[in-house]
Amino acid sequence: MLSALISAICWACFDFLRKQLAQQVSAPLMSVIFSLLVLPGYLIYWGWLQAPLPEVEYFVPGTISGLLAAIGSVCFIRGLAVGKIAVMLPLLSVTPVVSGAFAWIWLGEPLVEAQVLALGAITLGSFILQGGRFAIREPGAGYVLITALCWGMCIVFDKQALQHAEVSFHLIFLTASVALINGMIFRPELGAGVLLKYKWQWGGAALVFAFAVLCQLVALQQLQPGVMEAIKRAIGITSAALLGVYFYKETLRHYQWLSIAVILVGTVSLY
């Protein structure tokens with residue numbers, strides 16, 4: 001659980017830092033740059049551990065995980081490009097439910113009643129906190145719904161893949177897959193200028209991103225994927241809301257504060 005908590009906090013920090021960079025850099029370029037920044041560190045980590053190559057059984061779930069992560073990233077970027085963010089983000093709230101249900105079916109890992117209730121509370125609270133709007137006919141909604149399904153299932157295949165490979169290798173394979181597919185589809189123009197101008201922001205964001213993924217995969221070996229996804233979403237969403245109030249002087253309504261309380265209670269009940 002400690003690794004899951006660290007991962008969730010790192011994801012929250014990454015989202016905050018990424019929001020700063022998003023004002024200067026396009027989403028496709030940002031996705032590729034972050035993958036390329038952390039990839040050398042993952043290679044060094046794998047070599048330092050002298051971890052073995054994965055078993056043959058790894059490559060089917062590992063490849064599916066990489067494809068789902070990349071497809072989810074592409075659809076999310078496409079969705080935000082054509083749709084309203086207030087409609088797009090609430091749709092991602094369903095990822096814990098997707099992960100929990102799919103892991104139950106695919107891996108045979110059930111959730112106890114308390115966990116089912118907690119996932120439901122976190123999902124509902126997150127949906128309301130982020131605006132509570134659902135309109136599948138809205139431009140971009142289909143893209144983000146595909147994103148939610150891809151990212152929700154991706155973490156399940158991550159866990160299956162980790163039964164046949166070390167975390168350090170899966171980090172490399174997953175990151176390289178996302179960088180390659182996003183690079184081929186969006187073909188962003190990489191330039192040293194944008195990296196040097198905001199080098200401290202890139203460095204800090206890449207560092208927390210690297211630890212977010214690392215700790216998530218470590219925690220995933222012990223947790224039901226739905227629980228891991230719920231912790232990540234809960235802390236990420238509540239942190240974003242509270243940071244918005246503190247740094248950007250955003251105002252939360254009473255029902256949004258109530259949603260935060262519901263999310264936190266649901267998160268605590270998972271431990």
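Guide: Trp106 is partly exposed, with a relative accessible area of 46%, where buried means under 20% relative accessible area, exposed over 50% and partly exposed in between, computed with a 1.4 Å probe on protein chains only. The model is a predicted one, in which local features need a pLDDT of at least 70 and side-chain atom pairs count only at pLDDT 80 or more, whereas totals for chains, interfaces and linings use all residues. Residues are numbered from 1 along each chain as its sequence is written, and side-chain values use heavy atoms, with hydrogens and water left out.

The mean pLDDT of the protein, that is, the predictor's confidence in each residue on a scale from 0 to 100, is 86, and 93% of the residues reach 70 or more. Helix H5 (residues 95-106) has the highest confidence, at a mean of 95, while helix H4 (residues 85-91) has the lowest, at 65; helices here are DSSP runs of H or I with at least four residues, strands are runs of E with at least two, and both are numbered from the N terminus.

Now to the rings themselves. Across the whole structure a search finds 16 aromatic pairs, a pair being two rings of Phe, Tyr or Trp (its six-membered ring) whose centres lie within 6.5 Å, with planes under 30 degrees apart counted as stacked, over 60 as edge-to-face and the rest as tilted. Phe14 and Phe34 are both buried.

The pair of Phe102 and Trp106 has its ring centres 5.8 Å apart and its planes at 15°, so it counts as stacked. Both of these residues lie in helix H5, four residues apart, about one turn of the helix. Phe102 counts as buried, at 17% relative accessibility, whereas Trp106, at 46%, is partly exposed.

The rings also join into a cluster, in which ring pairs link Trp11, Phe14, Phe34, Trp202 and Phe209. Over the ring of Trp11 sits the charged end of Lys232, 5.2 Å from the ring centre; such a placement requires NZ of Lys or CZ of Arg within 6 Å of the ring centre and within 35 degrees of the ring normal.

The C-alpha trace spans about 50 × 45 × 35 Å along its principal axes, and buried residues make up 49% of the 271 residues. Among the contacts with a separation of 6 or more, 88% are between residues 24 or more positions apart, contact meaning heavy atoms within 4.5 Å.

Thr238, in helix H11 (residues 225-247), has 6% relative accessibility and counts as buried; leaving aside neighbours within four places in sequence, Thr238 is in contact with Leu129, Ile260, Ile263 and Leu264. Thr267, in helix H12 (residues 254-269), is buried with a relative accessible area of 8%, and Thr267 touches Ile122 and Ala234 when residues up to four places away in sequence are not counted.

The cysteines complete the picture of the side chains. A disulfide is taken as a pair of cysteine sulfur atoms within 2.5 Å, and by this rule the count is zero. The closest cysteine sulfur to that of Cys150 belongs to Cys75 and is 5.9 Å away, too far for a bond, while the sulfur of Cys154 is 8.5 Å from its closest cysteine sulfur, in Cys150, also too far for a bond. Cys150 is buried, with a relative accessible area of 7%, and Cys154 likewise counts as buried at 7% relative accessibility.
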